[in-house]
Every structure is written in structure tokens, then in C-alpha cells.
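Here is a short briefing to keep beside the structure as you look around. It goes from the surface to the inside, topic by topic.

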Amino acid sequence: HWTSNPGRARITNTSCLFAVSQHRVEQTMFIDKACDSALFTYFLYHLITLDPGFCSGDPAQYPVLLLDNARIHQCNVLHKWLAVQGIKVLWTPPYH
């Protein structure tokens, strides 16, 4: 969105994170700044730990995360934690 500044206009960042399943929108988060890997990790941590049905039951039915190659998705600690949780990550092809 735009904010007015005397003499010049400035663009501010608003980030929208969302998780969608085949059934519904699972979670959304709006942030009034650019999202970084720490906020993205926070979002996924809360999605996975606060929804008791997210990773329960048969491990073959665990969710798969589909991510692009944005810098915020490249956190090694997050990748290791997701693997421990039994969550598979699939990557989209690079943008050209």
C-alpha cells in the first residue's frame, strides 16, 4: 500500500503468508513489513504445532509443502526441522 510523505510517495511492504490444503485455507498471516526467513519459519511452526490434525495419523498422509525458491524458504534449520516432523518439501522450478 502507499503512504504519503511530504514531497514524495513511498511504498511500504505488506506480506501475506497463506497455507492451503486440498480442502480449505489452513492459515493466513498478514505482516506490515517484508517477510524474512524467521517470520516464515514462525508461520510454519505455528501452522504445524497448533493444528493437532496437521501431522497426526498415518505418516503416508502427512502434508507436503510446495515452495518456490524465494530466499525466505532457504533456511537450513527450517528444512531440518520439517524433516524431523516427517514433512516433505517439493520445490517449484526456478523462475526465468
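Is Val20 buried or exposed? Val20 is exposed, because its relative accessible area is 53%, where exposed means over 50%, buried under 20% and partly exposed in between (1.4 Å probe, protein chains only). Please keep in mind that this is a predicted model, in which local features need pLDDT of at least 70 and side-chain atom pairs count only at pLDDT 80 or more, while totals for chains, interfaces and linings use all residues. Residues are numbered from 1 along each chain as its sequence is written, and side-chain values use heavy atoms, with hydrogens and water left out.

**On the surface**
- Val20 is found in strand E3; strands (E, at least two residues) and helices (H or I, at least four) are DSSP runs, numbered from the N terminus.
- Together with Phe18 and Val25, Val20 makes up a nonpolar patch with about 310 Å² of accessible area.
- Such a patch takes residues with over 30% relative accessible area and no salt bridge, joining nonpolar side chains (Val, Leu, Ile, Met, Phe, Trp, Tyr) within 5 Å and like charges within 9 Å.
- A salt bridge here is a side-chain nitrogen of Lys or Arg within 4 Å of a carboxyl oxygen of Asp or Glu.
- Accessible areas come from the Shrake-Rupley method with a 1.4 Å probe, and for residues only the protein chains shown count as cover.

**The largest nonpolar core**
- This core has 20 residues, and Leu17, Cys35, Phe40, Leu44, Leu82 and Ile87 touch the most other members.
- Two or more residues each come from strands E3 (15–20), E4 (25–31) and E5 (64–67) and from helices H1 (37–50) and H2 (76–84).
- H1 is the biggest contributor, with six residues.
- A nonpolar core is a set of buried Ala, Val, Leu, Ile, Met, Phe, Trp, Tyr and Cys residues joined through side-chain atoms within 4.5 Å.
- Beyond its neighbours within four places in sequence, Ile87 is in contact (heavy atoms within 4.5 Å) with Ile48, Phe54, Cys55, Pro63, Leu65 and Leu82.

**A buried histidine**
- His73 sits in the loop between E5 and H2 and counts as buried because its relative accessible area is 10%.
- Not counting residues up to four places away in sequence, His73 touches Phe40, Leu67, Asp68, His79 and Trp91.
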